[in-house]
Amino acid sequence: MRLQKNSFAAMSFAGVLVSIAGISVAQAKDADVTYKAELSPLNSKTIGSGARGEATFTISRGQLTIHVSAKGVPPNMEHLQHFHGFAKRDRTSKCPTARDDKNRDGIIDIVETEPVAGTTMVPFDDDPAGMSMVNDTFPMGGADGSYSYEKTVPLKALESAFIKKFPGQKLDLRRRVVFVHGVPASTKLPATVASLDDVPAQVVLPIACGEIKKVRDWLRSSKQR
Ligand SMILES: [Cu+2]
(Lines give C-alpha, C1' and ligand atoms only; values in the text may rest on other atoms or scores of the structure.)
Protein backbone atom coordinates (compact mmCIF):
# COMPACT_ATOMS: atom_id res chain seq x y z
CA MET A 1 0.00 0.00 0.00
CA ARG A 2 2.70 2.33 1.06
CA LEU A 3 4.96 1.38 -1.81
CA GLN A 4 2.18 2.00 -4.28
CA LYS A 5 1.53 5.42 -2.80
CA ASN A 6 5.18 6.36 -3.00
CA SER A 7 5.58 5.24 -6.56
CA PHE A 8 2.44 7.14 -7.53
CA ALA A 9 3.88 10.30 -5.97
CA ALA A 10 7.19 9.68 -7.69
CA MET A 11 5.45 9.25 -11.03
CA SER A 12 3.49 12.47 -10.74
CA PHE A 13 6.56 14.30 -9.65
CA ALA A 14 8.38 12.85 -12.65
CA GLY A 15 5.62 14.24 -14.83
CA VAL A 16 6.19 17.70 -13.46
CA LEU A 17 9.92 17.40 -14.05
CA VAL A 18 9.39 16.31 -17.64
CA SER A 19 7.02 19.14 -18.34
CA ILE A 20 9.07 21.90 -16.74
CA ALA A 21 12.58 20.80 -17.57
CA GLY A 22 12.08 18.60 -20.57
CA ILE A 23 14.39 15.98 -19.15
CA SER A 24 14.14 12.37 -20.19
CA VAL A 25 11.62 10.03 -18.60
CA ALA A 26 14.43 7.60 -17.83
CA GLN A 27 16.11 10.21 -15.66
CA ALA A 28 12.89 11.19 -13.97
CA LYS A 29 11.84 7.63 -13.20
CA ASP A 30 13.70 7.39 -9.90
CA ALA A 31 12.74 10.95 -9.15
CA ASP A 32 12.73 11.90 -5.54
CA VAL A 33 9.85 13.33 -3.57
CA THR A 34 10.65 16.86 -2.62
CA TYR A 35 9.02 19.25 -0.19
CA LYS A 36 9.86 22.87 0.15
CA ALA A 37 9.23 25.78 2.49
CA GLU A 38 9.93 29.40 1.66
CA LEU A 39 11.02 31.05 4.87
CA SER A 40 9.70 34.55 5.52
CA PRO A 41 10.76 36.95 8.25
CA LEU A 42 9.18 37.08 11.68
CA ASN A 43 9.95 39.69 14.31
CA SER A 44 12.22 41.55 11.89
CA LYS A 45 11.73 44.81 13.81
CA THR A 46 13.20 43.18 16.89
CA ILE A 47 16.24 41.77 15.10
CA GLY A 48 16.75 44.72 12.75
CA SER A 49 16.80 42.54 9.64
CA GLY A 50 14.47 40.19 7.85
CA ALA A 51 15.53 36.56 8.00
CA ARG A 52 14.64 34.70 4.83
CA GLY A 53 15.48 31.47 3.21
CA GLU A 54 14.37 28.15 1.97
CA ALA A 55 14.10 24.66 3.36
CA THR A 56 13.88 21.59 1.18
CA PHE A 57 13.21 17.99 2.11
CA THR A 58 14.07 15.30 -0.38
CA ILE A 59 13.08 11.70 0.12
CA SER A 60 15.11 9.30 -1.93
CA ARG A 61 15.85 5.60 -1.44
CA GLY A 62 14.81 5.60 2.18
CA GLN A 63 16.81 8.68 3.07
CA LEU A 64 15.56 12.12 3.93
CA THR A 65 17.85 15.00 3.03
CA ILE A 66 17.10 18.25 4.79
CA HIS A 67 18.56 21.42 3.41
CA VAL A 68 18.06 24.87 4.90
CA SER A 69 19.61 28.04 3.59
CA ALA A 70 19.01 31.33 5.33
CA LYS A 71 20.15 34.90 5.12
CA GLY A 72 19.46 38.01 7.14
CA VAL A 73 19.83 36.10 10.40
CA PRO A 74 21.72 37.58 13.38
CA PRO A 75 25.37 36.73 12.62
CA ASN A 76 27.91 34.77 14.61
CA MET A 77 25.44 32.85 16.72
CA GLU A 78 23.65 29.54 16.71
CA HIS A 79 20.13 29.32 15.27
CA LEU A 80 17.77 26.63 16.44
CA GLN A 81 15.62 25.32 13.60
CA HIS A 82 12.89 22.69 13.59
CA PHE A 83 9.68 21.74 12.02
CA HIS A 84 6.70 22.34 14.22
CA GLY A 85 3.29 20.74 13.97
CA PHE A 86 0.16 19.54 15.70
CA ALA A 87 0.55 16.26 17.55
CA LYS A 88 -3.20 15.70 17.79
CA ARG A 89 -5.55 14.91 14.93
CA ASP A 90 -4.46 16.00 11.49
CA ARG A 91 -4.48 19.74 11.74
CA THR A 92 -2.25 21.64 9.33
CA SER A 93 0.15 24.21 10.79
CA LYS A 94 0.30 27.77 9.56
CA CYS A 95 2.93 30.43 10.02
CA PRO A 96 1.90 33.05 12.57
CA THR A 97 1.04 36.59 11.56
CA ALA A 98 0.72 39.88 13.49
CA ARG A 99 -2.77 38.71 14.53
CA ASP A 100 -1.16 36.01 16.63
CA ASP A 101 0.63 38.53 18.82
CA LYS A 102 -2.06 38.02 21.41
CA ASN A 103 -0.52 40.17 24.14
CA ARG A 104 0.16 42.98 21.66
CA ASP A 105 3.74 43.51 22.73
CA GLY A 106 4.82 43.75 19.10
CA ILE A 107 6.64 40.42 19.21
CA ILE A 108 5.41 36.99 18.22
CA ASP A 109 6.98 34.72 20.80
CA ILE A 110 7.29 30.96 20.70
CA VAL A 111 4.23 30.41 22.89
CA GLU A 112 2.11 32.64 20.66
CA THR A 113 3.02 30.48 17.65
CA GLU A 114 1.53 27.37 19.25
CA PRO A 115 -2.17 27.94 18.50
CA VAL A 116 -1.45 28.22 14.75
CA ALA A 117 1.73 26.21 14.31
CA GLY A 118 1.62 23.57 17.02
CA THR A 119 4.58 22.27 18.95
CA THR A 120 8.30 21.76 18.29
CA MET A 121 8.76 18.42 16.56
CA VAL A 122 11.96 17.63 14.66
CA PRO A 123 15.27 19.49 15.02
CA PHE A 124 17.49 20.30 12.08
CA ASP A 125 20.71 19.82 13.99
CA ASP A 126 23.51 17.27 13.79
CA ASP A 127 21.16 14.43 14.67
CA PRO A 128 17.51 15.04 13.75
CA ALA A 129 16.48 11.54 14.92
CA GLY A 130 17.87 12.44 18.34
CA MET A 131 14.79 14.69 18.70
CA SER A 132 16.64 17.15 20.91
CA MET A 133 15.08 20.60 20.71
CA VAL A 134 17.94 22.66 22.14
CA ASN A 135 21.65 21.81 21.92
CA ASP A 136 24.82 23.25 20.43
CA THR A 137 24.79 21.43 17.09
CA PHE A 138 22.40 23.72 15.22
CA PRO A 139 23.87 25.89 12.45
CA MET A 140 25.76 29.08 13.17
CA GLY A 141 24.91 32.24 11.31
CA GLY A 142 28.03 33.42 9.50
CA ALA A 143 29.48 36.92 9.81
CA ASP A 144 27.36 37.86 6.77
CA GLY A 145 24.17 36.65 8.45
CA SER A 146 23.73 33.59 6.33
CA TYR A 147 24.08 29.85 6.76
CA SER A 148 23.53 26.67 4.87
CA TYR A 149 22.61 23.43 6.59
CA GLU A 150 22.37 20.00 5.06
CA LYS A 151 21.77 16.65 6.71
CA THR A 152 20.74 13.26 5.39
CA VAL A 153 19.01 10.86 7.75
CA PRO A 154 17.59 7.37 7.29
CA LEU A 155 13.85 7.92 7.03
CA LYS A 156 13.01 4.86 9.15
CA ALA A 157 15.16 5.97 12.07
CA LEU A 158 13.59 9.41 12.00
CA GLU A 159 10.07 8.01 11.71
CA SER A 160 10.50 5.66 14.64
CA ALA A 161 11.98 8.40 16.83
CA PHE A 162 9.10 10.63 15.79
CA ILE A 163 6.39 8.07 16.54
CA LYS A 164 7.91 7.41 19.94
CA LYS A 165 7.53 11.06 20.82
CA PHE A 166 4.27 11.70 18.97
CA PRO A 167 2.26 8.46 19.07
CA GLY A 168 -0.22 8.07 16.26
CA GLN A 169 1.40 10.80 14.15
CA LYS A 170 3.32 10.58 10.89
CA LEU A 171 6.05 12.94 9.76
CA ASP A 172 3.51 14.26 7.28
CA LEU A 173 5.69 17.14 6.10
CA ARG A 174 2.89 18.80 4.19
CA ARG A 175 1.14 19.71 7.43
CA ARG A 176 4.24 21.16 9.12
CA VAL A 177 6.01 24.50 9.27
CA VAL A 178 9.71 25.30 9.55
CA PHE A 179 10.89 27.78 12.15
CA VAL A 180 14.28 29.41 12.51
CA HIS A 181 14.94 30.87 15.94
CA GLY A 182 17.35 33.03 17.83
CA VAL A 183 18.40 36.59 18.49
CA PRO A 184 21.58 37.62 20.31
CA ALA A 185 21.58 37.06 24.06
CA SER A 186 22.09 40.80 24.45
CA THR A 187 18.75 41.61 22.76
CA LYS A 188 16.46 43.37 25.21
CA LEU A 189 13.03 41.76 25.14
CA PRO A 190 10.02 42.87 27.14
CA ALA A 191 9.09 40.66 30.07
CA THR A 192 5.91 39.77 28.16
CA VAL A 193 7.93 37.69 25.68
CA ALA A 194 7.38 34.09 26.70
CA SER A 195 9.77 31.18 26.36
CA LEU A 196 9.78 27.43 26.94
CA ASP A 197 11.10 25.73 30.04
CA ASP A 198 14.29 27.42 31.24
CA VAL A 199 15.45 28.42 27.77
CA PRO A 200 16.10 32.16 27.45
CA ALA A 201 13.47 33.84 25.26
CA GLN A 202 16.24 35.10 22.95
CA VAL A 203 17.24 31.52 22.05
CA VAL A 204 13.78 30.43 20.92
CA LEU A 205 12.43 33.69 19.53
CA PRO A 206 11.10 32.85 16.04
CA ILE A 207 12.83 34.85 13.30
CA ALA A 208 11.57 33.07 10.17
CA CYS A 209 8.81 30.67 9.25
CA GLY A 210 7.74 28.73 6.19
CA GLU A 211 4.91 26.33 5.45
CA ILE A 212 6.09 23.08 3.92
CA LYS A 213 4.55 22.11 0.62
CA LYS A 214 5.09 19.29 -1.74
CA VAL A 215 7.00 20.70 -4.68
CA ARG A 216 4.21 19.86 -7.04
CA ASP A 217 1.77 21.92 -4.92
CA TRP A 218 4.34 24.64 -4.53
CA LEU A 219 4.75 24.97 -8.28
CA ARG A 220 1.01 25.23 -8.65
CA SER A 221 0.62 27.98 -6.04
CA SER A 222 3.57 30.00 -7.32
CA LYS A 223 2.01 29.96 -10.78
CA GLN A 224 -1.10 31.61 -9.40
CA ARG A 225 0.80 34.54 -7.94
CU1 LIG B 1 11.44 25.53 16.41
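# Notebook: turns, strands and a core

I started at the end of α4, where G118, the residue just after the helix, has a positive phi of about 85°. My helices (H or I, at least four residues) and strands (E, at least two) are DSSP runs numbered from the N terminus. Residue numbers count from 1 along each chain as its sequence is written. I'm working on a predicted model, where local features need pLDDT of at least 70, side-chain atom pairs count only at pLDDT 80 or more, and totals for chains, interfaces and linings use all residues.

**Confidence check.** I looked at pLDDT, the predictor's confidence in each residue from 0 to 100. The chain mean is 88, with 82% of residues at 70 or more. Over residues 1-30 it stays under 50, and there the model has 21 contacts beyond four places in sequence. For me, two residues are in contact if their C-beta atoms, placed from the backbone, lie within 7 Å.

**Overall tally.** I get 7 helices and 9 strands for the chain. Of its 225 residues, 34% are buried. My cut-offs, using C-beta atoms placed from the backbone: buried is 20 or more other C-beta atoms within 10 Å of a residue's own, exposed is 12 or fewer, and partly exposed is in between. Taking contacts between residues at least 6 apart in sequence, I find that 68% join residues at least 24 apart.

**Back to α4.** Which residues of α4 are buried? I list I110, E112, T113, V116 and A117. Looking down the axis of α4, I see these buried residues fall within an arc of 150° (taken from the directions from the helix axis to the C-beta atoms), so they line one face of the helix. They pack against β4, β7 (177-181), α6 (201-204) and β8.

**Strand β1.** I call two strands paired if DSSP finds at least two bridges between them. Which strands does β1 (residues 33-41) pair with? One is β2 (residues 52-60), antiparallel, through 7 bridges. Here V33 sits opposite I59, and T34 has T58 as its bridge partner. Another is β9 (residues 213-214), also antiparallel, with 2 bridges; K36 faces K213 there. I also have β8 (residues 206-211), antiparallel to β1 over 2 bridges, with P41 opposite A208.

**Strands β2 and β3.** I followed β2 on to β3 (residues 63-71), which is antiparallel to it over 9 bridges. G53 of the pair stands opposite A70 in β3. The hairpin has 2 residues between the strands, and in it R61 takes a positive phi near 45°.

I noted N76, which isn't glycine and has a positive phi near 55°. N76 is in the loop between β3 and β4, and it is exposed because it has 11 other C-beta atoms within 10 Å. I noted D197 too, again not glycine, with a positive phi near 45°. D197 lies in the loop between β7 and α6. Is D197 buried or exposed? Exposed, because I count 7 C-beta neighbours inside 10 Å.

**T192.** I also checked T192, in the loop between β7 and α6. With 13 C-beta neighbours inside 10 Å, T192 is partly exposed. Leaving out residues up to four places away in sequence, T192 touches N103 and D105.

**A98.** This one is in the loop between β4 (81-85) and α4 (110-117). I get 9 other C-beta atoms within 10 Å of A98, so A98 is exposed. The C-alpha atoms of A98 and L42 are 9.1 Å apart, for residues 56 apart along the chain.

**The core.** A nonpolar core, in my notes, is a set of buried Ala, Val, Leu, Ile, Met, Phe, Trp, Tyr and Cys residues joined through C-beta atoms within 7 Å. Which members of the largest one touch the most others? Out of its 42 residues, V178 and I207 do.
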